[in-house]
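Open the model in your viewer and keep the selection tool at hand.

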Amino acid sequence: MLLLQVVLQELSKLMTSNKYKFMLKFKYTFLFFYNMGISWVFNRTIYEIKKRLGYFKILNKIILNSENKVKLKSNLILNPFFLPKKLNNLESFIIAEKLFTGEIKIFCYEYESYLMNGNINWHYQPILKRDAKLDKEWQEIPDFSEFGDIKLIWEPSRFSYTTHIINCFLHSGNEKYAILLKDLIVDWINKNPFPYGINYKCGQEISFRLFQWIIACNIFQNFFSINEKELVLKNIYVSIRRIESNISYSVKSVKNNHSISEAAGLLVCGLLFHQLPQSKRWIRKGENLLLQETKYQIFDDGSYIQHSMNYHRLAMDVISFVLFVAKKVDYKLPEVIYERHKKMYLFLVSFVQKDGKVPNYGPNDGAYLFPLSNYQDFRASINFASAINQSEIIFKNNNSIIDFFGLDIKRNNFNIQKLNNFKIGGYYQLRFKNLYCFVRCHTYKTRPSHSDTLHLDVWVNGKNIFCDTGSYSYNTSMETKNHFISLFGHNTVVIDNNDFMKPVFNFGMTNWPQARVISFDEKNFIGEHYGYKIINGITHRRNIMLKENIILVKDLLFGIKKKTLISQLWHTEYSIKRITDYKFQIENLHITSNIEGHIRPSKVSRYYNSYVDSSMLLFSIEVDNDFEIETIIKIN
């Protein structure tokens, strides 16, 4: 099998190292395939065979030939389906004005210049300052290449600035904003001939772009000439055909928010573009896949398959948009989609703090479908979801997305009950007055992205004192990546400076841990995991207790038979002051341990492609018998 050849090639590279390392790598690769299952291995193999045999080249030619059959009948969107309201958002003008000079806000955080020869270069990597060529079809382009992080090239093509440009137009009435957005869309199409280039590589990225174009065309289609409308319609057509041609890869091999986004792309475009010949098929196929994927990806307790707060919001936003479009065109979706969607936003409600933030947990690529509020504030997305699902809002004064889409609210639900445990997803929360803790205890049955077993987030008076380090980047050195995604990037215990989960390929991990919760209530948690048991026979049990102004953490390591180094890690963005070797001060709290502590440098990433220098408090000791680390976090 071709996939097996790839594995063997990867293993052969390790033959230059010692035999022990080679055998370990072989073991981890085998375990990864075992965890993923025979079906996944088979489908990945079929996909590689299709690429090498030229299957997609043939499909691309068929799509191009059928493009000529697309004719503009009247307008792009035959009946505009919503009228937006203007928002009091000054950032919209900053984002829009910078676009005139080629500066684009990427990952909802920083600006980068994509300007070349007076226009935006849609194939430019601004960090490495390299220009991706248009000499290969999308299926021939690797995820990792000399262009570095492909997401830096994709960012401008997501058109996530669309809502801000529209908001500027609504406020000012100045047609320059409408013309700006129209010109960007037309320029993108002219500079990205299908099927060539990086911007056709990912079906999810295409869906995001089409969602924004649909919103733009709904408002500004009178600014497009007849020829420009036909140009846009033809690109929408080939883009949807491109998604359809390879959606089985997302469904059978990627198995996450990509398949939901691509199914949504089919369904939304099918509902809005009846003039396109396959629209009925897209509706049927998109709806069926959305039913299938929401059942698989959204757990019964509302937690999400990707074990990530941001990807949870992204998938929820995509479904919210589907429900919104369906409602506006009077298309009735199955009730079960509404039920699963509701579970998603009720899950997030339980984690939202007073400022709208949630724990900095899980993989995070900076995606925010409708960035009309602060990226870290989840309340606007939750309100949009609850408004479209139940015609109600959950949070006061967080209606930016609702207002933009012109939704009517029938009622408020400000006192919704927050749940403390989500057993299927492995999320547990402890609360006592001004103390809040979030802990992970999960037996992974679907692919993990981070090694985070028994990670503990600590919040005091709304401040995330001890936090998850985040993700930073999917395309960086293995050393840097491991700092964020491994056990070393989480507030937990590490044994012998060795993470029991091992990275395989670019997005895989092996040795998926088993864990169990022994007892839990709002102020007490006891759980343990067995990740180290297969390596050295050691079990880690964590006991967390909340009292008046005190968090007591006991980490029991048992099954120790020989000299072993155990380390307890605490990451923080706040400064740490040493009081004694066993006692440290952070903000208005003291943290004390029964073993010696050290302050080490760390990094915390809350936005993709960005991190801040921070600190890690490391308590460590070498023992040769079972041992319990006792840590007291006390508010002064």
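Begin with the salt bridges: the count comes to 27. Keep in mind that this is a predicted model.

**Stop 1: Glu140 and Lys57**

Select Glu140 and Lys57. Their side chains meet in a salt bridge, 3.1 Å from N to O. Now colour the elements around them. Glu140 lies in the loop between strand 6 (130–131) and helix 6 (150–154), and Lys57 in helix 4 (residues 55–67), so the pair ties together parts that are 83 residues apart in sequence. Glu140 is partly exposed, with a relative accessible area of 34%. Lys57 is also partly exposed, at 35%.

**Stop 2: Asp187 and Lys191**

Next, select helix 8 (residues 175–191), which holds both Asp187 and Lys191. The two are four residues apart, about one turn of the helix. They form a salt bridge, with the closest N and O atoms 2.8 Å apart. Which side of the burial cut-off does Asp187 fall on? Its relative accessibility is 17%, and buried means under 20%, so Asp187 counts as buried. Lys191, at 32%, counts as partly exposed.

**Stop 3: Glu573 and Arg606**

Move on to Glu573 and Arg606. Here the side chains meet in a salt bridge of 2.8 Å, N to O. This pair links distant parts of the chain, 33 residues apart. Glu573 is in the loop between strand 21 (564–572) and strand 22 (576–578). Arg606 is in strand 25 (residues 597–607). Check the surface again: Glu573 is partly exposed at 33%, whereas Arg606 is buried at 14%.

**Stop 4: a network**

Select Lys151, Glu155, Arg158, Glu205 and Asp365 together. Salt bridges that share partners join these five residues into one network.

**Stop 5: the whole chain**

Clear the selection and zoom out. Show the cartoon: the protein has 18 helices and 27 strands. The radius of gyration is 25 Å, close to the 26 Å that the globule rule gives for 636 residues, so the protein is as compact as a globular protein of that length. Along the principal axes, the C-alpha atoms fill a box of roughly 80 × 60 × 50 Å.

Colour by burial. Buried residues make up 61% of the 636. Then show contacts. Among those between residues at least 6 apart in sequence, 68% join residues at least 24 apart.

Finish with the surface and the charges. The accessible surface comes to about 25,600 Å², and 51% of it belongs to carbon and sulfur atoms. There are 80 positive and 59 negative side chains, and the centres of the two sets lie 4 Å apart.

Methods
Residues numbered from 1 in each chain as written. Predicted model: local features only at pLDDT ≥ 70, side-chain atom pairs only at ≥ 80, totals over all residues. Heavy atoms only, no water. Rg over C-alpha atoms; globule rule 2.2 N^0.38 Å. Buried < 20%, exposed > 50% of the residue type's maximum accessible area, 1.4 Å probe, protein only. Contact = heavy atoms within 4.5 Å. Areas by Shrake-Rupley, 256 points an atom, 1.4 Å probe, with all protein chains shown as cover. Lys, Arg positive; Asp, Glu negative; His and termini not counted. Charge placed at Lys NZ, Arg CZ, Asp CG, Glu CD. Salt bridge = Lys/Arg side-chain N within 4 Å of Asp/Glu carboxyl O.
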